[in-house]
Amino acid sequence: MINRSAGPEILRLIDLLSKLPGLGPRSARRAALHLLKRRDQLLSPLAAALADAAAKVQICRLCANFDTVNPCSVCAAPGRDNSVICAVEEVGDLWAMERSGVFRGRYHVVGGTLSALDGIRPEDLNIAGLVERAGATDVREVILALNATVDGQTTAHYITDRLAHLPVRVTRLAHGVPVGGELDHLDDGTIAAAMASRR
Amino acid sequence: MAEWSDHAISLGLRRFGETGAILEVFARTHGRRRGMVYGGASQKKRAPLQAGNTLRVTWKARSDDNLGFFTAESENERAAVHMADAEALAGLAALSDLLAGALPEGESKPALYDAAETLLDMLGHNDVWPALFVRWELGLLTMMGFGLDLSRCAVSGSNDGLTHVSPKSGKAVRGSEAGGYLDRLLPLPAFLIDNTAPATPVDIRAGFRLTGYFLGERLFADLNKQIPEARLLMIDRLVRAGRLSPG
């Protein structure tokens, strides 16, 4: 029905919107309609923002974060602790850590985890860059904030080995009961991990 | 409508779409199978589906050759227990990647499944499982049709003093019968033919070299694949932990 009621530009807009996370063809149609109805307030500013982001956003040469400046604003920020690097899997994890506001050191985005099923090998990840940064004289600690999955922890052990020759302390985030979690509703593995790392 | 339930070892999970996941398992009587898990990308569902965990799975599809859907209940969440133990986690990853890479889809291998369960249960005992892993790899080769004949010497027919294996035939050979071919043979550690023989770091390393040769040159070469990286990482880790001799 939409093929008869909309031109190719609108169909293209719907098709591209439907590729975004959380949107399918039906919700993409609704989003497109919403944008078209609010052309001045939403559609034009969004198009300008997208064009701006496409033109200016870069990957930080130090930590692999996204930003419009290179090095990124986190790497360039004065007053952050240069002696601690927090290694995360993806940029989304870096943003999550920053949202929490509990870490004031530097970051390093590894770019994924080792995975046989997905064919990701050590050389496909940004591990060499982390080793190089950790070798700087002022670095004292590397925090491995990788996911608590088999692939995530296999990668963490691998990075620990790669850092073994450096005089840095390698630590990891704790695994266990989440804040607000009830033991009755936790899976056996989480309870086992929490018990193993009790203090 | 095709449907079955079985005990299964998870071989891994990959995201599919935003909320779903494709689960790959080694089911006891249904072999290696894949299927979609609704909501499998969620934190709650992902934890029990980690590689190395034992599950009770139910698979449903319109027909047997469809991808199908899994529902899974956890039976043994050992992956979480081993996450802090680098050696055990390396063993777990190597075992699941070897199974994922070597097993044909849908072929029942209950004996191999039972052996894998035993090995996974032993992974916390780092002084025991490396030798057990070598034996399990010998079993994997046998189940996949590339078994070694370690019962008697290929040259003399004698069943004592076996020290080497021919890389060509996969048969045991007495070193004294090998003549000028000795340096082309693969050393056969005693613990692979005698259950009472000790498995020293040198023996276990020789065992991994033996099984690694036939896994790489026969089983995985036949599948046009490389031996999984996780096996190399496991051996490297065991060497650094002093469980295997270097070199």
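I began with the open sheet of chain B, in which 3 strands stand in the order β7-β6-β8 with antiparallel pairing; strands here are DSSP runs of E of at least two residues, helices are runs of H or I of at least four, and both are numbered from the N terminus, while two strands pair if DSSP finds at least two bridges between them. I noted that β7 and β8 of chain B are at the edges with a single partner strand each, so one side of each has no neighbour in the sheet.

Before going further I wrote down that this is a predicted model, in which local features need pLDDT of at least 70 and side-chain atom pairs count only at pLDDT 80 or more, whereas totals for chains, interfaces and linings use all residues. Residues are numbered from 1 along each chain as its sequence is written, chains are lettered from A and ligands numbered from 1 in the order in which they are written, and side-chain values use heavy atoms, with hydrogens and water left out.

**Strand pairs**

I looked up β6(B), residues 162-165, and found 3 bridges joining this strand to β7(B), residues 172-174, in an antiparallel run, with B:L162 opposite B:R174. The two strands form a hairpin with 6 residues between them, and B:G170 in the turn has a positive phi of about 75°. I then followed β6(B) to β8(B), residues 186-187, where 2 bridges make an antiparallel join and B:H164 stands opposite B:P187.

**Two domains of chain B**

The domain assignment, automatic or from a database, gives chain B a domain 1 (2-81) and a domain 2 (86-150 + 188-240). Taken over C-alpha atoms, the centres of these domains are 23 Å apart, and the contact (heavy atoms within 4.5 Å) takes 21 residues from domain 1 and 19 residues from domain 2. I recorded a buried area of about 1700 Å² between them, with 59% of it on carbon and sulfur atoms; this is the accessible area, with a 1.4 Å probe, that two parts lose on being put together, summed over both. In domain 1, the residues that lose the most area to domain 2 are B:F26, B:R28 and B:R32, together 41% of what that side buries.

I next checked charges and found 4 salt bridges across this domain interface, a salt bridge being a side-chain nitrogen of Lys or Arg within 4 Å of a carboxyl oxygen of Asp or Glu. I also looked up the salt bridge between B:D121 and B:R78, at 2.8 Å from N to O. On the domain 1 side, β1, β2 (20-27), β3 (31-37) and α2 of chain B each give two or more residues, and β1(B) gives the most, with 5 residues.

**Chain B against chain A**

I found that this contact takes 28 residues from chain B and 25 residues from chain A, and that the area buried is about 2000 Å², of which carbon and sulfur atoms give 59%. In chain B, B:R14, B:M83 and B:E229 lose the most area to chain A, together 24% of what that side buries. The rule finds 4 salt bridges across this interface, and I noted that B:E229 forms a salt bridge with A:R121, the closest N and O atoms being 3.3 Å apart. The largest share of the chain B side, 6 residues, comes from α3(B).

**A salt bridge across the sequence**

Over all chains the structure holds 20 salt bridges, and I looked up the one between B:R34 and B:E105, at 3.6 Å from N to O. B:R34 lies in β3(B) and B:E105 in the loop between α3 and α4 (110-122) of chain B, so the pair ties together parts that are 71 residues apart in sequence.
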